Each structure stands twice: as structure tokens, then as C-alpha cells.
Amino acid sequence: MHATIPALPGGIHYILKSGIELGEADGTLSGLLNRMEGTMLAAGMAVMIKLGFGFLINPGLTESQAKKAQHFFENNFVIKDPNVTGGIRYYQGKILIRTRKPQDDMNVLIKFCPDPEALYIQTPFGRQLNPAAIVTTEALSEAEADRIERDPNAVDLMIRFKDTQAILGLAGRPNVDVAQLLIENLVQITGNFGHMFKFGAIGMNVQMAMKDIL
């Protein structure tokens, strides 16, 4: 079932906002988020979303932090399913972020656990979670994004901002709420309800986990 939801769940907003804040703090987004060109902003947003999951993809975690990251992964991405081999599968949502203006050329594709076989790697300390395989992000051209949007197997959820300025505005509005975004018609979500709420829940869990880990 698909529908258009003219609101942005708080968890999704948190991932974007925290990525902006972390990226600005360490300079990762320097020169990207102060540019209006959509292709540059897309590259910045791809980095931003990865940073939003920074506590999972950081290779320098302490043992305690690594255990919390593992717990977060199991709670948010591991699905027990007796109908599959091994009884476990992984959440593999595909999220496309765009703007309503084709000329912006601002398109980012997010994939969760795209390659389940790569989620764990062998290390000198045994089999461990591979942080780099949990979430991948890619900046796309307008043509590539159009093709993916038309393919129901290529994307589960689309988040469409009004324009690039609406995305940049998140950095300067740390306390903006979902209702305000709706009132201002700055963002719209189209896609599968289940993936919408799942992505939002992951975002809220990121917020809680970051408070414990950082």
C-alpha cells in the first residue's frame, strides 16, 4: 500500500539534523552545505546521513560502545523469520531523498543492509559486525533518480523536500518540529507506510543511542 504523507517523522529529521551538526563540527561537510548547487548538496547529504549513524560506523569505538552498537544493530535491523534459512533476515529498506525541482539535481539513495553477507567480517578477535555494510548512501543524477523512482523494486520510500534551501534550512533550525515543516509545506513523504514508520523509528533509536554512547 502506498500513499503520500505530507510530514517528516521526527526520527528521520533527527538523522539529517545530527548528521549536519556532526559534519559541521569536524569539517566533513565544509564547502558542501554552503553551496546551493544540488549535486554538491547531494554529495554533502550522502555524507551527512552516514554521519547520522556515526556511532555505528566509527571504527574507534571502545569495547563498551561496540557492544551498544551491536545491540542497536540487532534491535533495529535483525528480523527473526522462521521461514528463511538460519531463521534471521535483515531490514533492507531503500530510501530516496529528492527535491521537487528537477533542476536542483539533488538526489540521494540510502540503502540499509544492502549486502547481508557483508554484515559480518572475520577479524583477529573473531567474527564481528562490519559497520560499513549497515548503511550505504549514494548521490545520484536526476536521470538515475527518475529511473529508480519508477522501479518499485528499487525504492521503498521517497522523501521529497521543497527545494535545496529547505534542506539547508535544517542546519539553521535545530529545534524545528514536524508540525512546522508540514505547515510550511517544506517536505513530503511518498511510499510504503511500513518503511516510513521503520525509518522514523530507527531515527528515534539513533537519537537515544547517541545520548548513551557519546
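This is a predicted model: local features need pLDDT of at least 70, side-chain atom pairs count only at pLDDT 80 or more; totals for chains, interfaces and linings use all residues.
Which residues does Phe73 touch, not counting residues up to four places away in sequence? Phe73 touches Val78, Tyr90, Cys113, Leu119, Tyr120, Leu129 and Ile134, where contact means heavy atoms within 4.5 Å. Residues are numbered from 1 along each chain as its sequence is written, and side-chain values use heavy atoms, with hydrogens and water left out.

**Confidence**
- The mean pLDDT of the chain is 77, and 65% of its residues reach 70 or more.

**Nonpolar core**
- Phe73 and Phe77 touch the most other members of the largest nonpolar core, which has 34 residues; such a core is a set of buried (under 20% relative accessible area, 1.4 Å probe, protein chains only) Ala, Val, Leu, Ile, Met, Phe, Trp, Tyr and Cys residues joined through side-chain atoms within 4.5 Å.
- A second, separate core of 7 residues includes Leu96, Leu109, Ile148 and Met158.

**Helix 5**
- Within helix 5 (residues 142–150), Glu142, Ala145 and Ile148 are buried.
- These buried residues fall within an arc of 125° seen down the helix axis (taken from the directions from the axis to the C-beta atoms), so they line one face of helix 5.
- The face turned away from the buried side carries Ala143 and Arg150, which are exposed (over 50% relative accessible area).

Notes
Helices (H or I, at least four residues) and strands (E, at least two) are DSSP runs, numbered from the N terminus. pLDDT is the predictor's confidence in each residue, from 0 to 100.
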